[in-house]
Amino acid sequence: MEQFEKIRKRLAPELKAMNEIITDTLRTGNEMMNGIVTTYLEKKGKQIRPILVILSAKMFGEVNADVLHAGAALEMLHNASLIHDDVVDETPLRRGEATINRMWGNHVAVLVGDYFVSNALAAGIRTGHLSIISALSALGKELSLGEIDQICNAREHHFDEAAYFMVIRKKTASLFMHCVRMGAEAVNATAEEMGPMVTYAELLGLCFQIKDDIFDYYDNPQIGKPTGNDLREGKVTLPLLYALNRADEEDAEPMRELIRKGDLTVDEIARLIEFAKIEGGIDYAYDIMRKMQEEADAIIDRYPDSESKTAFKEIFEFIISRDR
């Protein structure tokens, strides 16, 4: 966490300018919308995604207004997806604070999410890069399809890793990939120059989601969601998938039956979590992340040494090691 905070502090001027673009873009004459948006923006997360946009731009050139608008566009689109996710999942808290749907209801929350999407596209247009506008459009489709795929997997009870990785590529890794791509495109990097770093960002995004999923197996009030929340929503993630496919059939089948039954009790969720841990699911998930990190290191080490290159590697380590 300390290294990540140093990176964020080093990029503070760029992040400040980008956040001012977000505030200005979202400002409206409607008092209600202004109040909701202002309150929402006060609860900023780590802003990993716009940091990746800025670092990518620095790796291939100099940060300019197009980079800042690209970062603002991605951050608004990301926040729109979070607002809509909170409605779909009926989430009462995010980052320890009441969600928009909890405070204002689903109707208002959906409209606020739509407002963020529209303004993300507006910020993208201001870059003047057709490739950036196209990337925003593609990203919106991938995020939506990732969520739909996840719902289908939960309803049809697909217990295989291939389906899991297909979902998290769309719903999480795609956003990381577009961060790097848009940052590079904003400084006119070529496809050949940025291509390997887009693959690096995919591995980074996959690890981000795997680590997020691991949090569901532990009680950590800092995360802002209850233990077993994914299972409560019918989502079977990597640690439990591994356990279900590795364990003896006589042990695994009762666990599958619990998941198929749905409407899990607290005790049933606890049984599934303990099963995943005993069968080595958590260790397996960490092993997968470390292998991805090794693959990512081999990619980024082809690039000349720079402050941005070091920061990318530190962010990868932070994502695997973070506690929230």
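1. In this predicted model, Phe 176 and Phe 208 are both buried. Their ring centres lie 5.3 Å apart with the planes at 45°, so the pair is classed as tilted.

2. Of its 25 residues, 19 are buried, so α9 is largely enclosed by the rest of the structure. At the start of α9, a side-chain oxygen of Asp 160 comes to within 3.4 Å of the backbone nitrogen of Ala 162.

3. Other aromatic contacts may be considered next. Eight aromatic pairs are found when the whole structure is searched. One of them is formed by Tyr 164 and Phe 165, whose ring centres are 5.3 Å apart and whose planes meet at 75°, so this pair is edge-to-face. Tyr 164 and Phe 165 are both buried. Elsewhere, Tyr 200, Phe 312 and Phe 316 are joined into a cluster by ring pairs.

4. Which residues form a nonpolar patch on the surface? They are Met 32, Met 103 and Trp 104, which together have about 320 Å² of accessible area. Trp 104 lies in helix α6 (residues 100–104). With a relative accessible area of 41%, Trp 104 is partly exposed.

5. The charged side chains form 20 salt bridges. One of these joins Glu 2 to Lys 6, with the closest N and O atoms 3.7 Å apart. Both residues are in helix α1 (residues 2–10); because they are four residues apart there, about one helical turn separates Glu 2 from Lys 6. Glu 2 is exposed, at a relative accessible area of 57%, whereas Lys 6 is partly exposed, at 44%.

6. A further salt bridge is made between the side chains of Glu 268 and Lys 261, with an N to O distance of 3.1 Å. Lys 261, at 46% relative accessibility, counts as partly exposed.

7. Arg 290 and Glu 317 also form a salt bridge, and their closest N and O atoms are 2.8 Å apart. This pair links distant parts of the chain: Arg 290 is in helix α15 (residues 281–300) and Glu 317 is in helix α16 (residues 307–321), the two being 27 residues apart. Arg 290 is partly exposed, with a relative accessible area of 32%, and Glu 317 is partly exposed as well, with 31%.

8. Salt bridges can also be followed through a group of residues. Glu 249, Glu 253, Arg 256, Glu 257 and Arg 260 are linked by them into a network.

Definitions and conventions:
Residues are numbered from 1 along each chain as its sequence is written. This is a predicted model: local features need pLDDT of at least 70, side-chain atom pairs count only at pLDDT 80 or more; totals for chains, interfaces and linings use all residues. Side-chain values use heavy atoms; hydrogens and water are left out. Buried means under 20% relative accessible area, exposed over 50%, partly exposed in between (1.4 Å probe, protein chains only). A polar contact is a pair of N or O atoms within 3.5 Å; within protein, one must be able to donate a hydrogen and the other to accept it, and residues adjacent in sequence count only if both atoms are side-chain atoms. Patches are made of residues with over 30% relative accessible area and no salt bridge: like charges are joined within 9 Å, nonpolar side chains (Val, Leu, Ile, Met, Phe, Trp, Tyr) within 5 Å. Accessible areas come from the Shrake-Rupley method with a 1.4 Å probe; for residues, only the protein chains shown count as cover. A salt bridge is a side-chain nitrogen of Lys or Arg within 4 Å of a carboxyl oxygen of Asp or Glu. Rings of Phe, Tyr and Trp (its six-membered ring) pair if their centres lie within 6.5 Å; planes under 30 degrees apart count as stacked, over 60 as edge-to-face and the rest as tilted.
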